[in-house]
Amino acid sequence: MNRPGSRSALRPHLLLDVATGDLLPDRAVVIEDERIAGVVSAYDVPGDVPVLDLPGHTVLPGLIDCHAHLVGEEDSGHGYTELLTRTGAQEAMTGVRNARDTLRAGFTSVRDVGTYRAFVDVALRDAIDAGWTPGPRMMVAGAYVSCTGGGGDISGLAPDAERLVPAELRVGVVDSVDDVRRVVRRILYGGADLIKLIATGAVMSDNGNPGVPELTEDQIRAAVEEAALHDAHVAAHAHGAEGIKRAIRGGVRSVEHGSLMDDEGVAMMADSGTWLVADIYEGDYIAEIGRRDGWKDDVLRKNDETTDAQREMFEKCVKAGVRIAFGTDSGIYPHGWNARQLAYQVRHGQTALDAIRSATLHAAELMGWSDRVGRIEAGWYADLVAVPGDPTDDVRLLESIPFVMKGGEVVRDEL
Ligand SMILES: [Zn+2]
């Protein structure tokens, strides 16, 4: 933590204004405590303020991943029963490691969309905010809201072993509208910031298929209504076309994955302003590592069925003007590789600037954090990264960021 009243300044070669797309020379970012005090001419930094020069580097806002899972080991591709081999305490300690790796990669905020052990993400968020352990600012989901046996439940057990599953792995299991209202309240009272619904089957689960709806429209709407009472938004995991439409009509703020969305769904997304958070990188990771390491055939098949379809869907959404925020499903692939997805977004229809916006300006907007992160402006948190060159020309520069600052504190400096 910075000492109260401490001031410093960064003087990069260029400053990227993500709102306008301008690359500004001769600027300095003046930082006071954890916030940006102002952006001034490079020659107007007050004499008593220590300056860190970043020659040849471009400064931009710290990156934001809107679909992260910081709690837990990387997915083994062998189903959910492995979750029973780890305690909540072990899950928490993996979160400490994953949060550090994510921050050091330049991701200074994340929207964490779920943990199987309920509320471990709440504890991790609070530990980071208290300065006990390094990590990004976190907005957390607390637990998955899922139907019994669905994509967020613990599946793959022998039927007579089901009763052995610890209660904290099933906090969000619902089968009726009333269940949804009770569970959403419980999750928010438990300290979560948003609600994550599993609206269709999942790729990594033992049961179910991504195309199949797992919540009714009434259940989704009930979650949105209850969450709104607490100023919380709802993110819906939805691969299949029908589940996506239910989620949009139910009023969710974001559709996660979106893989099998049809043209009607694309038009509904654009008309309603529903955000798309599509993890279009990790399908390649699963296909490669999953085959090498012998992941379950069923998982590999479901991944193959969604990967290319999702990328085509993404291109259609870009063309249709759907609001897009960056989200990668970190935790499937190693934490810290998040930025690899930016080049995929460019390959599938976005400009590099728009891909960067999806992970700064637009991610902040989805999260409701537009007043604190995602821009370099007076009053915003001093969450900044620097790369050697112009990332709007080569977005892959963001895959290895040598300089990271969060809240005015340098957390990585390998210039
Ligand atoms: Zn996910």
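Reply: Let's begin with domains: the bounds used here come from an automatic or database domain assignment. Keep in mind that this is a predicted model. The chain is split into domain 1 (7-62 + 374-413) and domain 2 (63-367).

Me: How far apart are the centres of domain 1 and domain 2?

Reply: Taken over C-alpha atoms, the centres of domain 1 and domain 2 are separated by 30 Å. The contact draws on 22 residues from domain 1 and 23 residues from domain 2.

Me: Which strands supply the side of domain 1 that touches domain 2?

Reply: Strand 5 (51-61), strand 16 (403-406) and strand 17 (409-413) each give at least two residues to that side. Sorted by class, the side of domain 1 that touches domain 2 has eleven nonpolar, four polar and seven charged residues.

Me: Now sheets. What is the order of the open sheet of three strands?

Reply: To read a sheet, follow which strand pairs with which; two strands count as paired if there are at least two bridges between them. In the open sheet of three strands the order is 6-7-8, and the pairing is parallel.

Me: Why is one side of strand 6 and of strand 8 left without a neighbour in the sheet?

Reply: Strand 6 (63-68) and strand 8 (137-140) stand at the edges and have a single partner strand each, so one side of each has no neighbour in the sheet. On average, neighbouring strands of this sheet are turned by 15 degrees against each other, direction ignored.

Me: How many bridges pair strand 7 with strand 8?

Reply: Four bridges, in the parallel sense, pair strand 7 (residues 107-112) with strand 8. You can pick out R111, whose bridge partner in strand 8 is M139. Helix 2 (residues 120-129) packs on the sheet and touches strand 7 and strand 8. The direction of helix 2 makes about 155 degrees with that of strand 8.

Me: And what order do the strands take in the open sheet of six strands?

Reply: That order is 10-9-11-12-13-14, again with parallel pairing. Strand 10 and strand 14 (275-277) stand at the edges with a single partner strand each, so one side of each lacks a neighbour in the sheet.

Me: Which strands are joined to strand 9 by bridges?

Reply: Two bridges join strand 9 to strand 11 (residues 195-198), running parallel, and two join strand 9 to strand 10 (residues 173-174), also parallel. Look for V145, whose bridge partner in strand 11 is L197, and for C147, whose bridge partner in strand 10 is V174. Further along the sheet, strand 12 (residues 234-238) and strand 13 (residues 254-257) pair in the parallel sense over four bridges; there, A235 has S254 as its bridge partner in strand 13.

Note on methods
Residues are numbered from 1 along each chain as its sequence is written. This is a predicted model: local features need pLDDT of at least 70, side-chain atom pairs count only at pLDDT 80 or more; totals for chains, interfaces and linings use all residues. Two residues are in contact if their C-beta atoms, placed from the backbone, lie within 7 Å. Ala, Val, Leu, Ile, Met, Phe, Trp, Tyr, Cys and Pro count as nonpolar, Asp, Glu, Lys and Arg as charged, and the others, Gly among them, as polar. Axes are lines fitted to C-alpha atoms, for helices over the stretch in contact, and angles run from 0 to 180 degrees between N-to-C directions.
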